[in-house]
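Could you walk me through this model in my viewer, one selection at a time? I would like to know what to pick next and what is there.

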Amino acid sequence: MNPFSSGTRLRDMIRAIRACKTAAEERAVVRKECAAIRASINENDQEYRHRNLAKLMFIHMLGYPTHFGQMECLKLIASAGFPEKRIGYLGLMLLLDERQEVLMLVTNSLKQDLNHTNQYIVGLALCALGNICSAEMARDLAPEVERLLQFRDPNIRKKAALCSIRIIKKVPDLAENFINPAAALLKEKHHGVLITGVQLCTDLCKVSSEALEHFRKKCTEVLVKTLKDVANSPYAPEYDVGGITDPFLHIRLLRFLRVLGQGDADASDSMNDILAQVATKTESNKNAGNAILYECVETIMSIEDNGGLRVLAINILGRFLANRDNNIRYVALNMLMKAISVDAQAVQRHRATILECVKDSDASIRKRALELVYLLINESNVKPLTKELIDYLEVSDQEFKGDLTAKICSIVEKFSPEKIWYIDQMLKVLSEAGNFVKDEVCHALIVVISNAPDLHGYTVRALYKAFQASSEQESLVRVAVWCIGEYGDMLVKNVGMLDVEDPITVTESDAVDVAEITIKRHTSDLTTKAMALIALLKLSSRFPSCSERIRDIIVQQKGSLVLELQQRSLEFNSILEKHRNIRSALVERMPVLDEATFSGRRAGSVPTTLSPSTMASVKVPNGVVKSAAAPLVDLLDLTSDDAPAPSSSSGDFLNDILGVDLSPASAHSGASQAAKNGTDVLMDILSLGTPPAQSSSSTPDIFSLSQNQKSPVASLDGLSTSSPVSARAASSQAASSIIDLLDGLGPSPPAPENNGPAYPSVVAFESSSLRVMFDFLKSPGNPQITVIKATFTNLSSNVYADFVFQAAVPKFLQLHLDPASGNTLPANSSGTVTQTLRVTNSQHGKLIRSMVKMFWRKAKSTTSHVNCEDDRFFWKD
Amino acid sequence: MIHFVLLISRQGKVRLTKWYSPYSQKERTKVIREISGLMLHRGPKLCNFVEWGGLKVVYKRYASLYFCMCIDPEDNELETLEVIHHFVEILDRYFGSVCELDLIFNFHKAYYILDELVIAGEIQESSKKTVARLISAQDSLVEAAKEEASSISNIIAQATK
């Protein structure tokens with residue numbers, strides 16, 4: 001060792017690092033070492049490059065950054081000596097991964113080393129290539145590797161075979177080049193070459209069906225013979241593991257036979273005998289033997305049917321399941337999952353044992369067993385199995401409860417024979433592990449309850465009792481509060497008693513207590529509190545005697561720090577104080593929730609959950625939606641200091657109640673509404689990418705002019721301010737029928753409703769090529785719904801083919817588009833197309849505004865389209 | 001296939017990591033943290049398999065060291081245990097009753113042995129004797145090179161005296 005060299009030896013550095021008492025000390029040592037290594041790298045010090053890299057690898061293992069050493073690896077690899085190359089390749093595999101650009105620089109060195117005369121250097125290069133090669137490198141170096149598959153030394157052949165696996169995984173097109181050399185490896189005697197050769201062939205079959213066919217025809221016999229030889233071989237100390245000769249080779253052969261036998265009766269037939277022999281003769285007292293049996297069972301299950309063998313396999317699994325070794329039981333459960341599709345009856349026989357495994361102390365086994373039980377359940381055994389699982393829920397570990405609860409809920413939902421059983425089981429789950437129950441499961445339960453009118457009383461009483469026992473379970477509380485709000489009167493009056501029930505005495509104030517406790521508990525989350533608030537509003541009309549107390553509770557929430565609760569409490573208070581006459585109609589029992597709609601919505605829950613984010617993201621660039629709406633709200637809302645008028649429709653309560661998970665309430669309800677409408681159109685139009693400013697500058701002047709001129713109600717200009725938006729808003733005020741419940745102008749009685757005919761038709765759009773007329777119709781009983789008949793006329797001399805009209809509305813509206821009467825517009829106003837739009841305005845009295853997009857194809861020309869976005873389509877209902 | 005091999009001490013210190021699937025440095029740190037958390041907290045009598053992120057981690061404890069290999073869910077877990085044991089036996093023969101300290105100070109040797117045993121996530125040799133022979137052949141190549149180098153430097157040193 002050079003006495004003048006700076007820096008420490010590798011061994012000394014490791015000692016120094018190990019001697020560190022604290023993390024800070026360790027960092028200091030590492031920093032010092034790294035600085036020394038960097039300095040040495042800068043000096044291009046060749047003598048210590050080898051040692052520096054070894055140190056860097058150790059530092060890397062401790063988790064410190066070592067990227068500055070990457071080039072050193074390349075330099076070492078490029079040097080001539082074996083020791084340098086050895087450490088260089090090791091560093092390369094450790095410090096770099098295939099995604100780093102630097103790696104490309106090593107391709108040339110690799111190529112040289114693959115052709116090196118020293119076979120150990122060839123081995124190093126093959127190993128590095130097999131571990132980290134990228135697709136480009138695979139393409140460049142595949143010919144070398146292919147050649148090395150026929151190298152004279154078996155140790156190089158085996159490395160080349162594994163390297164080929166990496167290459168064909170990275171570039172499957174290269175597979176065909178490897179088929180013949182790989183098949184040649186199967187005839188070898190050297191175990192290393194055989195193992196790697198079989199593995200290469202198995203992987204070739206995965207990427208190339210041509211390879212599969214080839215091996216199936218040419219190699220099945222050879223493989224069966226090889227397996228027979230290995231299975232019957234006398235004691236061979238070199239390959240012996242626990243009395244079995246080379247289990248690794250056994251397993252690889254079995255796996256390859258599985259691939260060949262799958263879907264091919266002849267191949268399967270030829271391997272039956274040897275599989276039977278392996279399955280019966282292999283010793284199962286050691287892990288190695290069991291590993292072979294396990295692989296053999298899987299092969300038997302996968303190849304084409306042979307009844308006798310399958311019985312044998314299932315019996316082995318039964319033995320495994322009864323084993324005391326946890327590892328063996330784990331793999332047995334794993335394999336039974338696959339066996340279920342082959343022979344469900346045989347697996348059912350082990351049901352009791354499997355159920356015991358669900359209760360095992362080992363989390364891995366429990367998880368497997370639970371998955372398996374889930375697959376085993378059918379209509380006939382659902383009751384006893386669910387009972388077992390629910391009983392176990394009480395004593396299970398906290399971390400397992402989540403999985404278990406989800407599975408039980410899913411089972412109960414899927415197989416429930418009757419509603420009362422479903423409700424009973426769900427109540428048990430909710431009381432036991434309510435905090436683990438997912439929101440959508442609660443929604444499903446509420447839908448079921450709502451659809452079982454004869455069980456309303458029973459359910460609400462059961463929930464009341466459950467609430468008393470375990471009020472800390474969030475989901476239970478939500479369902480209980482909802483039901484008490486809806487069916488509180490049934491709770492108090494013991495309506496709809498079933499034979500199985502004991503009568504209970506609950507006073508009206510007891511029922512109110514439930515909601516009060518919930519709303520005042522600190523641990524309740526926002527949604528639960530909001531549900532309790534609504535329940536209170538509902539109870540106020542069900543229990544007139546408690547009305548004052550309820551009002552007090554609601555008023556207390558005025559001081560809530562959460563805007564949602566504060567606002568609701570103000571609104572509800574206003575309902576209670578000023579609108580007694582309509583209160584009872586307002587808080588009537590929810591209409592029965594439609595199960596089909598709900599399940600449809602659940603099925604489509606993926607896009608629904610996605611939509612809030614997309615909505616939010618498009619809302620920003622399309623700011624018009626918000627900014628334009630604001631002055632309109634102000635114009636209408638006379639008490640402008642109040643928050644925007646809340647919805648008063650029962651339809652929206654439904655949304656609130658069902659949308660339990662709408663913690664960011666506004667965004668989500670918007671999304672769910674959009675989803676309900678099926679107005680993907682909205683998304684389409686919003687995400688068009690045309691900046692609204694641009695489109696509005698293109699045509700608006702003509703258009704607004706035409707509207708102002710043609711609109712027969714444009715005479716109320718006196719009210720108009722300088723802003724054209726409000727001018728138009730005011731202009732169409734003629735047919736006002738405002739029922740603004742919450743505007744604080746209490747005494748004003750609701751205006752009488754106008755029926756239908758008072759709405760004149762409007763030219764919604766007109767250009768030189770197209771005219772759109774809107775005719776309005778109001779259904780007398782339902783002021784919120786406006787039916788618009790749109791009539792499209794083609795003013796140009798070309799026929800419009802594939803005419804499509806799309807419309808989108810802000811989220812306080814719901815839009816339903818009926819199919820159009822046709823999609824072809826004849827030229828020169830010689831015919832029209834009509835389409836009906838139904839708009840439901842949840843904030844009745846607010847201006848309806850919409851965005852419209854139309855496109856069509858002129859004869860043989862490209863698609864034209866008109867976008868009428870932002871403030872152009874307003875009218876008032 | 002084997003996605004990676006980890007050797008982690010009972011204190012959670014990493015003694016060896018080998019990656020056969022691409023993981024960035026950041027992911028590697030995260031993986032090591034997650035897996036040591038899972039593995040070190042399991043009791044002694046439980047099974048040697050842990051499901052982790054769609055893959056399976058097969059681990060076995062030898063004295064103070066956990067050997068762990070992450071495999072595909074359809075791979076043979078029992079066989080992976082044998083592979084681990086195979087590796088340990090080879091280490092044991094090479095170091096002569098291996099202990100954690102051997103692996104700390106001669107970590108590169110452990111890597112060389114692993115490279116003779118596994119490439120591209122697949123096992124390459126089932127004979128312990130062959131692996132030992134290959135390793136010692138390469139070690140002697142290194143020794144020979146070293147001797148040559150020192151003799152040359154001696155010559156140079158003498159010549160410049």
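Happy to! Keep in mind that this is a predicted model. Start by selecting helix α1 of chain B, residues 25-40. This helix lies across β1 (2-9), β2, β3, β4 and β5 of chain B, and runs at about 65° to β1(B).

Now show those strands as a cartoon. You will find an open sheet of 5 strands in chain B, in the order β2-β1-β5-β4-β3, with antiparallel pairing. Color β2 (14-19) and β3 (49-52) of chain B: they stand at the edges with a single partner strand each, so each has one side left without a neighbour in the sheet. On average, neighbouring strands here are turned by 20° against each other, direction ignored.

Next, zoom in on β4 (residues 55-62) and β5 (residues 65-71) of chain B, an antiparallel pair joined by 7 bridges. Pick Arg61(B) and look across to β5(B), where Tyr66(B) stands opposite.

Then bring chain A back into view. Here 72 residues of chain A are in contact with 63 residues of chain B. The two chains bury about 5900 Å² between them, 55% of it on carbon and sulfur atoms. Select Met61(A), Arg86(A) and Phe248(A): in chain A these lose the most area to chain B, together 13% of what that side buries.

For the charged contacts, there are 8 salt bridges between chain A and chain B. One of them links Glu116(B) to Lys159(A), with the closest N and O atoms 2.8 Å apart. Finish on helix α5 of chain A (residues 82-95), which gives the most to the side touching chain B, with 8 residues. That side of chain A divides into 32 nonpolar, 17 polar and 23 charged residues.

Methods: Residues are numbered from 1 along each chain as its sequence is written. Chains are lettered from A and ligands numbered from 1 in the order in which they are written. This is a predicted model: local features need pLDDT of at least 70, side-chain atom pairs count only at pLDDT 80 or more; totals for chains, interfaces and linings use all residues. Side-chain values use heavy atoms; hydrogens and water are left out. Contact means heavy atoms within 4.5 Å. Buried area is the accessible area (1.4 Å probe) that two parts lose on being put together, summed over both. A salt bridge is a side-chain nitrogen of Lys or Arg within 4 Å of a carboxyl oxygen of Asp or Glu. Helices (H or I, at least four residues) and strands (E, at least two) are DSSP runs, numbered from the N terminus. Ala, Val, Leu, Ile, Met, Phe, Trp, Tyr, Cys and Pro count as nonpolar, Asp, Glu, Lys and Arg as charged, and the others, Gly among them, as polar. Two strands pair if DSSP finds at least two bridges between them. Axes are lines fitted to C-alpha atoms, for helices over the stretch in contact, and angles run from 0 to 180 degrees between N-to-C directions.
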